[in-house]
Amino acid sequence: MSRSYDEELKYLEKLDDVTWKIKKGFVNNMKVEGRFYVNQHLEKLMFDELRESCKGRVGGFLPGVKQIANVAALPGIVGHSIGLPDIHSGYGFAIGNMAAFDMDDPQAIVSPGGVGFDINCGVRLLRTNLTEKDVQPVKEQLAQSLFDHIPVGVGSKGIIPMNAKDLEEALEMGMDWSLREGYAWAEDKEHCEEYGRMLNADPSKVSSKAKKRGLPQLGTLGAGNHYAEIQIVDEIFDKQNASKMGIEHTGQVCVMIHSGSRGFGHQVATDALLEMERAMKRDRIEVNDRQLACARIHSQEGQDYLKSMSAAANFAWVNRSSMTFLTRQAFGKMFNSTPDDLDMQVIYDVSHNIAKVEEHIVDGKMKTLLVHRKGSTRAFPPHHPLIPVDYQLTGQPVLIGGTMGTCSYVLTGTEEGMKNTFGSTCHGAGRALSRAKSRRALDYTDVLAKLAEKNISIRVASPKLVMEEAPESYKNVTDVVDTCHAAKISKKCVKLRPIAVIKG
């Protein structure tokens, strides 16, 4: 029996300016309450989606609020099922939904839908000692050089030489492989989540089909919302923290790379979902939505997935490292210098589609949890042992990519976030229109013209894909970041604006 919109609202309660609670009973079997963070503008999108679904008008996925609640009904969940301000409907879990499961609870599960198909999709930010004045005169040539160096687009193939043996080693070693092969600097690893390597990765748990898809794709940007951008430091909110990252002044040039594990990660997720459907039947696991296919963490299927997911995470780090190498080459050639002399250091590299074993305090006790972050970024506070020495006083840098042609942000992790969201914050702007709606509503020539108006150079492999990624298709990234800042789950540090965009 479906409820009216007014009846649904009785289960939702506003706790403060940006925090909402989803009470138990909103969907069946909720083990914990839901929480989501939205400011006034984002709230409207969230509630409109729910209202439309009550009228039976939402195709495909359930509304975000329902998906947060369905995750709250999964076995072994602790704390709250949390929706971050960039939340939008996704497969099983909403994108922007994070949840933590108690490793000591034999019923607790791992769900590929809580990681997503693009495993370890993430963002990396490089700084340079160049200024906007240095880059503006050669901006078009630099954009072209980056586009020529980094393979982009749906079927793009990598130019980093790889054979089957190299791939096996890269899957196991992550950035240690890139370091050994000369595609990364030792400092890159220091400034990467997990130091660029998940130690429990096991390539033998990955299907040959996934390996076949992944082999030609290392060092490629791919398509969709992935990009490489040349950005300018536009505003500094926290001078001290920015300085620790090597961001000294406005006008400084940075490069942001947003990409993941390509077809490899997609295949790993697809393979795992099939295995898990069988495990659910055997172990009689009940879920509210069949897209939340899962397995007990300690079952064979659960462990196999975690090992293959870690291999895909390592693939993504090698992929971003390879593109960093190509970016450094492009800049070095253009400015007739070395990447070292241009100070092209990695500020940080974050994942926003991953599940990891972490220690957190729950109800006053330290617990070992499997934290699923899907469209959500780790944001650990100052003095946390898992963040680099340089950032012990600032908190972990958090990289929030905007949409094509809009600003991006660097945030830092907070104690409040550690308490309330298991050290997690938003990951980007989050879609406001589905890809299909974007294609219907927008014309790609208009989108390109708007970028030109803003004096942003663009190189795209597929102009048609541009509509799906137009700023109008997304929530306003500043609203998303301001909500996280207001909720104190992360803190604004730097704002960046793009001057050149490379897309698939």
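# Chat on the annotated site and helix α11

Modeller: The side chains of His226 and Asp118 are joined by a polar contact of 2.9 Å (a pair of N or O atoms within 3.5 Å; within protein, one must be able to donate a hydrogen and the other to accept it, and residues adjacent in sequence count only if both atoms are side-chain atoms). This is a predicted model, where local features need pLDDT of at least 70, side-chain atom pairs count only at pLDDT 80 or more, and totals for chains, interfaces and linings use all residues. Residues are numbered from 1 along each chain as its sequence is written, and side-chain values use heavy atoms, with hydrogens and water left out.

Biologist: Which residues does the UniProt annotation "binding site" cover?

Modeller: Asp118, Cys121 and His226, according to an unreviewed UniProt entry. UniProt positions are in the numbering used here, feature names are shortened, and annotations may be inferred rather than shown by experiment. The three span 109 residues in sequence, yet no two of their C-alpha atoms are more than 10.9 Å apart, so they gather at one spot.

Biologist: Where does His226 lie?

Modeller: In the loop between α9 (208-214) and β8 (227-236). Helices (H or I, at least four residues) and strands (E, at least two) are DSSP runs, numbered from the N terminus.

Biologist: And is Cys121 buried or exposed?

Modeller: Cys121 counts as buried, at 5% relative accessibility. Buried means under 20% relative accessible area, exposed over 50%, partly exposed in between (1.4 Å probe, protein chains only). His226, at 7%, counts as buried too.

Biologist: What does Cys121 touch?

Modeller: Leaving out residues up to four places away in sequence, its contacts (heavy atoms within 4.5 Å) include His226, His258, Arg320 and His352. On the same terms, the contacts of His226 include Asp118, Cys121, His258 and Lys503.

Biologist: Switching to α11. What should its 22 residues span?

Modeller: Helix α11 (residues 262-283) should span 32 Å, and its end C-alpha atoms are 32 Å apart, which agrees. The expected span is 1.5 Å times one less than the number of residues.

Biologist: What do the buried residues of α11 pack against?

Modeller: Among the partners are β6, α6 (164-173), β9 (252-259) and α12 (300-334). The buried residues include Phe264, Val268, Leu273 and Met276.

Biologist: What comes just after α11?

Modeller: Arg284, with a positive phi of about 50°.

Biologist: How many helices and strands are in the protein chain?

Modeller: The protein chain has 17 helices and 19 strands. Of its 504 residues, 62% count as buried.
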